[in-house]
Amino acid sequence: MNILFFLTPKEKVSHIFNDDTLRQVVEKMEFHGYSAIPLLDKEGKYIGTITEGDLLWYLKDHDFPDIYQLEDIPITDIERKRDNNAVNIQVSMEELFEKATNQNFVPVVDDNNVFIGIITRKDIMLYLA
């Protein structure tokens with residue numbers, strides 16, 4: 001079986017860019033109800049994952065700035081504690097399952113590290129059930 005069977009394509013996945021502000025990211029995550037979101041550069045390459053925990057620790061360490069101050073904070077100022085490791089489109093099902101056991105979603109990239117979508121742990125579990 002090919003991992004593309006499980007893929008949610010980039011067009012259907014909310015993501016953020018490395019020049020977004022902290023406020024934009026908070027609002028996007030709140031709107032979609034996400035606890036983690038892929039971070040991309042302007043060329044579409046996967047950089048990492050921003051989590052609610054990353055945001056919370058930043059806010060705590062910076063005395064909880066008000067919502068308007070968040071507009072001036074680049075998302076790249078946020079320290080990421082743990083990125084979701086991406087897999088290449090050619091990865092084996094076994095390696096995909098291994099990654100999915102430790103991550104809510106697995107980012108999928110092409111040979112140039114361009115983000116093409118995600119595979120969620122939920123989709124894998126529903127298939128196996």
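Reader: In the hairpin of strand 6 and strand 7, which residue takes a positive phi?

Author: This is a predicted model, in which local features need pLDDT of at least 70, side-chain atom pairs count only at pLDDT 80 or more, and totals for chains, interfaces and linings use all residues. Residues are numbered from 1 along each chain as its sequence is written, and side-chain values use heavy atoms, with hydrogens and water left out. Strands (E, at least two residues) and helices (H or I, at least four) are DSSP runs numbered from the N terminus. The hairpin has five residues between its strands, and the positive phi, near 65°, belongs to Asn113.

Reader: Over how many bridges do strand 6 and strand 7 pair?

Author: Two strands count as paired if DSSP finds at least two bridges between them. Phe105 stands opposite Thr120 in strand 7. Strand 6 and strand 7 (residues 115–120) are antiparallel, and the number of bridges is five.

Reader: How many residues of strand 6 are buried?

Author: Buried means under 20% relative accessible area, exposed over 50%, and partly exposed in between (1.4 Å probe, protein chains only). From strand 6, Phe105, Pro107 and Val109 point one way, Val106 and Val108 point the other way, and all are buried. For strand 6 (residues 105–109), the count of buried residues is therefore five of five.

Reader: In what order do the four strands form the open sheet?

Author: Strand 5 and strand 6 run parallel and are joined by two bridges, with Asn88 opposite Val109 in strand 6. Strand 1 and strand 7 are also joined by two bridges, but run antiparallel. The pairing in the sheet is mixed, and the order is 1-7-6-5. Pairing on one side only, the edge strands are strand 1 (8–9) and strand 5.

Reader: What angle does the direction of helix 4 make with that of strand 7?

Author: Helix 4 (residues 121–128) packs on the sheet and touches strand 1 and strand 7, where contact means heavy atoms within 4.5 Å. Axes are lines fitted to C-alpha atoms, for helices over the stretch in contact, and angles between N-to-C directions run from 0 to 180 degrees. The angle between helix 4 and strand 7 is about 50°.

Reader: Is Tyr127 buried or partly exposed?

Author: Tyr127 has its place in helix 4. Because its relative accessible area is 41%, Tyr127 is classed as partly exposed.
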